[in-house]
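Here is a brief report on one protein model. Please keep the sequence and the structure in view while reading.

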Amino acid sequence: MAGTFWQSIKEETQRSYSSIFESSWPGWLAGIFLAILALMIFMWHSPWGITAGFRNWGDWIIFGLGLSTERPVPPWLSTTSVTNLGLLAGAFASALMARQFKIRSAPAYEYLKGAVGGAFMGIGAALAAGCNIGGFYNAIGMFSMGGYAMMIGLGIGAYIGLRFLIWELEKFPQQAAGPPKIKKPQAKPMINWGQVSPFAGGAVLLMVVAAFYLYSAQGHTQLGGLFFFGTLIGITMHRSRMCFVRAFREPFMTGDAEMIRVIAMSLMIYGMGSAVIKWSYLQPEMMGVYHPFWLGSLTGGIIFGFGMLLAGGCGTGSLWRAGEGHTKLMLTLVFFSIFNSLGYRVVHHTGLTEKIGSGIFMPEVFGWELALPLYMLFLLAWVFWAVWNEKTEKFVVF
């Protein structure tokens with residue numbers, strides 16, 4: 001009897017482990033989880049963001065090089081940096097538990113594209129006051145008009161970026177495709193990594209929980225929570241391979257509308273949740289509404305969209321892929337951080353912020369009664385356009 005009991009627990013545990021860490025999660029499930037986690041972060045502290053964390057890392061690089069005398073906030077005490085670190089840890093743990101972690105190198109030309117793409121994304125995010133999360137996903141979810149301007153900019157930037165990649169493939173086919181890989185004979189490893197990897201992933205997750213309690217013991221419970229939520233986002237994005245680049249690239253490349261469906265559905269849930277929170281005054285109405293509508297968000301979106309096509313990853317995509325071991329995306333993050341730090345100084349210390357627009361709250365223009373149906377209709381129109389394009393390929397250029 002007891003043997004049957006433990007055998008059933010073992011089988012159920014193996015089945016659950018396989019479902020969570022070995023099978024890919026469907027996109028719609030990731031979209032729901034992302035919206036719920038973003039709402040939890042909003043209630044816990046403030047709207048979810050990515051770019052300010054990168055800027056903190058860039059500030060440290062510039063400070064370390066002696067180019068600035070102002071000492072930045074330590075990365076482990078910067079709220080957005082902590083969320084990013086959590087996302088990175090989550091993706092790392094998930095990759096280990098799925099036996100998918102591997103240090104992946106790339107041809108030198110790809111590293112160049114990753115660095116240049118990261119620089120473009122850093123500058124674009126400085127102009128738009130956020131990346132694909134803070135400037136687009138979160139901005140729209142917070143009813144900031146700048147999110148729509150950046151969305152249009154991301155589409156234009158992705159289209160230009162795709163045109164560039166096609167031109168590159170035609171003019172420099174070897175560099176674009178990469179040189180053929182030569183497999184070197186490998187010695188038998190001393191450790192069976194396939195067996196050790198899941199235990200290493202489990203240890204990382206235990207350290208995440210320990211970090212939460214450590215933060216709490218030091219009087220920084222909010223930071224510990226942000227690290228924990230970031231970890232859950234990292235796991236979600238890695239297991240589903242969720243990528244915002246696909247939502248803006250695929251309509252022009254293959255016509256595939258799946259990622260647009262996922263992000264639009266996620267935004268519907270996120271927006272309705274944030275409306276409940278803001279309309280009932282649980283959080284200030286203007287929280288998360290600071291995006292420069294329309295010039296800053298539009299131009300920033302174009303530059304960011306081009307950069308993410310060049311690098312092959314957006315703000316969040318570069319983070320979780322770096323956690324999976326992609327060295328090209330690690331370089332992208334370094335350049336994103338440095339150029340965002342520099343771009344932020346230019347935008348905020350030259351008076352440019354007064355010329356590129358300011359944050360506009362959608363319900364302040366239309367009222368909550370009209371803003372909510374407009375919000376839903378806009379997202380539905382985006383999905384219907386993507387589905388129509390998927391069938392007709394009217395906008396496919398590849």
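## Backbone features in loops

Y281 is found in the loop between α12 and α13. Helices here are DSSP runs of H or I with at least four residues, numbered from the N terminus. Y281 is not a glycine, yet its phi is positive, about 65°. Its relative accessibility is 62%, so Y281 counts as exposed. The cut-offs are under 20% relative accessible area for buried, over 50% for exposed, and partly exposed in between, with a 1.4 Å probe and protein chains only. This is a predicted model, in which local features need pLDDT of at least 70 and side-chain atom pairs count only at pLDDT 80 or more, while totals for chains, interfaces and linings use all residues. Residues are numbered from 1 along each chain as its sequence is written, and side-chain values use heavy atoms, with hydrogens and water left out.

R241 also is not a glycine and has a positive phi, about 50°. R241 sits in the loop between α10 and α11. It is partly exposed, at 33% relative accessible area. The loop between α12 and α13 (295-311) also holds W294. A cis peptide bond links F293 to W294, with omega about 5°.

## Helix α11

Helix α11 spans residues 244-253 and is mostly covered, with 7 of its 10 residues buried. Those buried are F244, V245, A247, F248, E250, P251 and F252. G255 follows α11 and has a positive phi, near 90°.

## Helices α9 and α10

Helix α9 covers residues 193-217 and helix α10 covers residues 221-240. Their axes come within 6 Å and cross at roughly 160°. Axes are lines fitted to C-alpha atoms, for helices over the stretch in contact, and angles run from 0 to 180 degrees between N-to-C directions. α9 and α10 are therefore roughly antiparallel. That label applies over 145 degrees; under 35 counts as roughly parallel, 65 to 115 as roughly perpendicular, and the rest as oblique.

The α9 and α10 crossing is left-handed. Left-handed means that the near helix is turned anticlockwise from the far one by less than a right angle; right-handed means clockwise. From α9, the contact uses L205, V208, A211, F212, Y215 and S216. From α10, it uses T221, L223, G224, G225, F227, F228, T231 and I235. Contact means heavy atoms within 4.5 Å. The residues of this contact divide into 9 nonpolar, 5 polar and no charged. Ala, Val, Leu, Ile, Met, Phe, Trp, Tyr, Cys and Pro count as nonpolar, Asp, Glu, Lys and Arg as charged, and the others, Gly among them, as polar.

## Helices α2 and α12

The axes of helix α2 (residues 27-44) and α12 come within 8 Å and cross at roughly 25°. That makes the two helices, α2 and α12, roughly parallel. Their crossing is right-handed. Among the α2 residues in the contact are G31, L34, A35 and A38. The α12 side includes V262, M265, S266, I269 and Y270. The residues of the contact of α2 with α12 divide into 13 nonpolar, 5 polar and 2 charged.

S266 belongs to helix α12. It is buried, at 0% relative accessible area. Beyond its neighbours within four places in sequence, S266 is in contact with G31, L34, A35 and Y137.

## The nonpolar cores

A nonpolar core is a set of buried Ala, Val, Leu, Ile, Met, Phe, Trp, Tyr and Cys residues joined through side-chain atoms within 4.5 Å. The largest one has 82 residues. W48, F136, Y137, I263 and F304 have the most contacts inside it. Helix α12 (residues 258-279) gives the largest share of this core, 10 residues. A second, separate core has 5 residues, including A93, A95, L96 and V204.

I263 lies in helix α12 and is buried, with a relative accessible area of 0%. Leaving aside neighbours within four places in sequence, I263 contacts F136, Y137, M242, F244, A247 and W382.

Which residues does G58 touch, not counting residues up to four places away in sequence? They are S337, I338 and S341. G58 and I338 are 280 residues apart in sequence, but 4.2 Å apart in space, C-alpha to C-alpha. G58 is found in helix α3 (residues 51-64). It is buried, with a relative accessible area of 0%.
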